Amino acid sequence: MKDLPSPHELQEAWEDLRNIHTRHLAHHGVKLPNATKYHETGKSIQLAVLHYYKGETVDKNLISEICQRDAPYLAADQQVRHLKRDGWHLTGRGSHSLNVREVSPELKTNQARRQGTLNAKDFEDLKDVFGRCCATCGAEEGKTNPRYGDDIVELQRGHKDPDKPITLDNIIPQCQFCNRAYRRDFVFDDKGRVSHIADVRPVSKASKTVQKKVWEWLKTKFSFLF
């Protein structure tokens, strides 16, 4: 492996990667960090380092070390694997190699699911898009879920955003256990993951330590009211 790259070398790698993205990856939906200089965001540093070591496997600790060197405000432990969500094709776990000729399988799956959701005509179609499984926990329709005893899994209309009408584009298939547990407290993304809270109830049930953190954050955000 090459020696630790200098800022100048990483900037050259970043500019080359931006050109590759424009020519070959942008039209596939791969997301490029909005940065002119490689050190403007954590992801741009990660990508610049991976592209600098073209074709080589790079330990994430080395990437974290360079991030700390060039942007000390970033977290000491960089989660490089998250680049896959933006469409970048990474191989390896803990150590990563970047392939700029392919998009990530995760992106392809998400795009296929998104298209399937758009094409769905009713809830049965939507369940097919998710493989007849709960979007949140993965429990399969018509089978038992070991976490809940012998009850058979039934897929119900899970409300993605409780503040919006229950339309086909605002529901996901959820098993009766997840649908009951989350109620109207949370907003879900297209993958069935919790995006953010939709009600104060989760905060009211939290520990006093968490509630204090929320209160301190709210005071900072809405300081003009105090």
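Predicted model: local features only at pLDDT ≥ 70, side-chain atom pairs only at ≥ 80, totals over all residues.
Leu 90 stands opposite Leu 98 in strand S3. The strands involved are S2, covering residues 88-91, and S3, covering residues 95-103. S2 and S3 pair in the antiparallel sense, with four bridges between them. Together they form a hairpin in which three residues lie between the two strands. Within that turn, Gly 92 has a positive phi of about 100°.

A further strand joins on S3. Strand S1, made up of residues 58-59, pairs with S3 in the antiparallel sense over two bridges. Here the individual partners can be followed residue by residue: Val 58 has His 96 in S3 as its bridge partner, and Asp 59 stands opposite Ser 95 in S3.

Taken together, these pairings give an open sheet of three strands in the order S1-S3-S2, with antiparallel pairing. S1 and S2 are the edge strands, each pairing on one side only. A helix accompanies this arrangement: H1, residues 7-25, packs on the sheet and touches both S2 and S3. The direction of H1 makes about 40° with that of S3.

Terms used. Residues numbered from 1 in each chain as written. Heavy atoms only, no water. Pairing = 2+ DSSP bridges. Contact = heavy atoms within 4.5 Å. Axes fitted to C-alpha atoms, helices over the stretch in contact; angles between N-to-C directions.
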